[in-house]
Amino acid sequence: MALIVQKYGGTSMGSPDRIRSVAKRVARWKAQGHQLVVVVSAMSGETNRLIALAKDVSPQPDARELDVMISTGEQVTIALLAMAIRDLGLKAKSYTGGQVKVLTDNTFTKARILEIDDANIRRDLDDDAVIVVAGFQGVDADGNITTLGRGGSDTSAVALAAALTADECQIYTDVDGVYTTDPRIVPEARKLDRITFEEMLEMASLGSKVLQIRSVEFAGKYKVKLRVLSSFEEEGQETSGTLITLEEDMNMEQPIIAGIAFNRDEAKLTVLGVPDRPGIAYQILGPVADANIDVDMIIQNVGHDGTTDFSFTVNRSEFARAKKMLEDQIKPHVGARAVEGDNKICKVSAVGVGMRSHPGVASKMFRILAEEGINIQMISTSEIKISVVVDEKYLELAVRVLHKAFELDQPA
């Protein structure tokens with residue numbers, strides 16, 4: 001018998017039929033003798049509907065009141081799922097984040113979990129009940145309802161698994177695991193049986209949408225075994241999904257590359273003719289950071305004649321705002337010659353813990369792209385990742401040729 005935390009997202013809870021289907025899946029796990037805590041999201045599209053409704057009433061909704069409102073989506077699904085499980089003859093009890101109690105800080109709309117009181121849940125588990133918990137929400141020290149930000153239900157599930165020292169945290173989604181890359185671009189992409197937390201963290205941060213990045217960080221920190229599974233597979237057709245685990249739990253021989261990640265939502269900004277003096281990077285990026293614009297890759301060229309060029313990437317949605325700031329404020333302040341921008345770029349990355357013990361990955365990656373006539377505009381590396389910025393029109397070609405070159409289409 002194991003204690004298992006399961007999480008079901010908005011698409012899994014998107015209709016009464018799907019909720020009944022989740023209830024049947026939960027019942028099958030319960031029949032095997034497991035204790036179950038089930039974390040659910042609001043119905044697909046419901047949170048967006050509530051936010052739009054709030055903005056119809058108030059163009060700049062108060063953050064506290066917005067959390068009161070958008071937390072109601074999960075309150076509906078926990079009650080419906082508990083009803084569906086009870087109709088199958090099992091005990092079930094629903095809890096909001098506040099009833100658990102999931103204690104957070106008071107940063108409304110993007111709160112962070114501080115601690116979880118598991119006493120009520122443990123009491124009901126001992127009473128043989130299935131516990132259904134609202135994801136995405138908690139309460140602060142003053143009893144205000146808070147929400148954890150987009151994808152927060154994943155974080156709720158991992159945090160509960162950590163607090164309960166669960167044997168496994170299962171994230172049910174609309175894919176059956178983590179793939180070597182997006183199968184829509186490379187049909188030969190393989191589902192990975194296992195991947196390390198480090199690799200998954202890189203994949204999530206680089207554009208893989210399977211798991212919310214905060215949940216992976218949380219799982220790695222508290223050593224929670226995470227498994228990604230599909231909620232749409234029929235009974236008897238289930239796979240074991242992908243297990244995300246610690247590197248030391250795995251075989252000694254790692255594949256060099258675990259996957260190819262990519263992100264279309266990139267834009268590049270270059271400040272030309274910047275005075276080449278100490279502190280110039282801060283004078284450019286300080287105001288950008290103060291405006292809450294995240295900067296990803298940064299390149300400062302070698303100086304000539306006392307000036308240099310400074311390039312960095314931002315999310316494409318922030319491109320226009322960042323470019324205007326550079327032109328209106330930063331260029332005249334630092335005495336730069338010009339500002340250039342390009343919002344038709346993308347980032348392609350090779351990720352794998354095997355890079356640590358296999359030199360030559362970068363040179364191979366660069367050679368493969370050069371053979372296809374793909375120009376690399378920027379490069380960023382870490383111990384287990386190499387990222388390049390290329391023209392957006394080459395994204396799918398780059399992903400396909402790198403996936404093939406690193407033999408990710410071959411059985412492990």
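Good morning. I shall begin with strand E11, both faces of which are covered: Leu226, Val228 and Ser230 are buried on one side, and Arg227 and Leu229 are buried on the other. Please keep in mind that this is a predicted model. In a regular strand, the side chains alternate between the two faces of the sheet. Strand E11 spans residues 226-230, and five of its five residues are buried.

Which strands pair with E11? On one hand there is E9, which pairs with E11 in the parallel sense over five bridges. Within this pairing, Gln170 has Arg227 of E11 as its bridge partner. On the other hand there is strand E12, residues 242-245, which pairs with E11 in the antiparallel sense over three bridges. Here Val228 stands opposite Thr242 in E12. As a reminder for those new to the subject, strands of a sheet pair through backbone hydrogen bonds, either parallel or antiparallel.

Let me turn to Asp193, which is found in the loop between strand E9 (168-173) and strand E10 (194-196). Is Asp193 buried or exposed? Asp193 has a relative accessible area of 55%, and because exposed means over 50%, Asp193 counts as exposed. Leaving aside neighbours within four places in sequence, Asp193 is in contact with Gly241, Thr242 and Leu243. Thr242 has already been mentioned, as the residue of E12 that stands opposite Val228. Asp193 and Gln6 are 187 residues apart along the chain, and their C-alpha atoms are separated by 19 Å.

My next topic is an open sheet. Six strands make up this sheet, in the order E14-E15-E13-E16-E18-E17, and their pairing is antiparallel. Which strands stand at the edges? They are strand E14 (295-300) and strand E17 (378-382); each has a single partner strand, so one side of each is left without a neighbour in the sheet. On average, neighbouring strands of this sheet are turned by 25° against each other, direction ignored.

Helix H11, residues 319-334, lies across E13, E15 and strand E16 (338-351), and runs at about 125° to E16.

I shall close with some details of the backbone. Where is the cis peptide bond that joins Val100 and Lys101? Lys101 lies in the loop between helix H5 (97-100) and strand E4 (102-104), and the omega of this bond is about 20°.

Phe136 has a phi near 80°, a positive value in a residue other than glycine. Phe136 is placed in the loop between strand E6 (130-134) and strand E7 (137-139). With a relative accessible area of 7%, Phe136 is buried, because buried means under 20%.

Lys223 also has a positive phi, near 55°, and is likewise a residue other than glycine. Its place is in the loop between helix H9 (213-222) and E11, which brings us back to the strand with which I began. Lys223 is exposed, with a relative accessible area of 57%, whereas Phe136 is buried. Thank you for your attention.

Notes:
Residues numbered from 1 in each chain as written. Predicted model: local features only at pLDDT ≥ 70, side-chain atom pairs only at ≥ 80, totals over all residues. Heavy atoms only, no water. Helix = DSSP H or I, 4+ residues; strand = E, 2+ residues; numbered from the N terminus. Buried < 20%, exposed > 50% of the residue type's maximum accessible area, 1.4 Å probe, protein only. Contact = heavy atoms within 4.5 Å. Pairing = 2+ DSSP bridges. Axes fitted to C-alpha atoms, helices over the stretch in contact; angles between N-to-C directions.
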